[in-house]
Structures are given as structure tokens and as C-alpha cells.
Amino acid sequence: IDQRLRLASALDEVSAAMPDDIWLTRVELAQAGPLEGMVEGRAKSFQSVTYFMDQLKSRLQLTTVKPLSTTISADPATGKEIVVFSIVMQRAPSAPQDIAPASGTGDER
């Protein structure tokens with residue numbers, strides 16, 4: 001249940017990060033471990049893709065948001081140019097707060 005809630009929350013944040021002129025065609029998120037995954041979609045401009053990436057990073061507190069690909073294509077329905085994109089994202093795992101320092105650090109006396 002915790003994994004489902006985490007994925008549902010992440011999908012909600014991805015959706016909230018999207019500008020109106022972007023639509024997603026594929027979303028992949030890891031089911032366990034730190035938040036990581038990939039989104040693919042279409043946008044009306046490169047600026048929208050950049051804005052979406054910035055929003056993903058801030059809303060989901062991601063450490064990595066990188067474009068895998070961005071290409072210009074023609075929308076089959078309208079013939080207008082669209083940006084086809086793929087973005088990889090990852091959040092570094094949180095460091096446990098209550099772990100004692102490892103021995104052998106040179107601080108022993």
C-alpha cells in the first residue's frame with residue numbers, strides 16, 4: 001500500500017508540474033527504492049519542455065532531471081510542428097539521520 005501511495009503521489013505531482021501545452025504519452029516510475037523514472041510526451045514548444053523539467057525538479061525534489069531526447073515532428077492531425085521529448089528523472093535516496101559514524105575515520109582516540 002505504501003508503494004502505491006508513493007506512486008500515486010508522484011503521478012499527482014508530475015501532473016501538477018505539466019503546463020497546459022504538454023501531454024504525456026508514457027510514464028515509467030520505479031515501484032521501490034528512491035523515486036526514479038522516465039516520462040515521454042509532446043509539447044508545443046521547447047520552452048514548455050524546459051518549464052516542465054524545472055517544475056519536475058522543484059515539485060518532486062529531484063536531484064536529476066535530464067532530457068534523453070527532444071526532436072521536432074509534425075502533428076499528424078494538424079500538420080503543425082510539435083516537440084517530441086523524453087526525460088529521465090531521479091531523486092537521491094535520503095540519508096538516514098540516526099546512523100553513527102563508521103569506525104576507522106581517524107577520530108578514534
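Predicted model: local features only at pLDDT ≥ 70, side-chain atom pairs only at ≥ 80, totals over all residues.
1. Overall count. A search covering the whole structure returns three salt bridges. Side chains of opposite charge can pair when their charged atoms come close.

2. The pair between helices. E13 and R59 form a salt bridge through their side chains, with an N to O distance of 3.5 Å. E13 belongs to helix 1 (residues 2-17) and R59 to helix 2 (residues 46-59), so that distant parts of the chain, 46 residues apart, are linked by the pair. E13 has a relative accessible area of 25% and is partly exposed; R59, at 38% relative accessibility, is likewise partly exposed.

3. The pair R26 and E28. The closest N and O atoms of this salt bridge lie 2.1 Å apart. R26 counts as partly exposed, at 39% relative accessibility, and E28 counts as partly exposed at 32%.

4. The pair R26 and E40. R26 also forms a salt bridge with E40, for which the closest N and O atoms are 3.8 Å apart; the pair qualifies because the cut-off is 4 Å. R26 lies in strand 1 (residues 22-29) and E40 in strand 2 (residues 36-43), so this contact ties together parts of the chain that are 14 residues apart in sequence.

Notes: Residues numbered from 1 in each chain as written. Heavy atoms only, no water. Helix = DSSP H or I, 4+ residues; strand = E, 2+ residues; numbered from the N terminus. Buried < 20%, exposed > 50% of the residue type's maximum accessible area, 1.4 Å probe, protein only.
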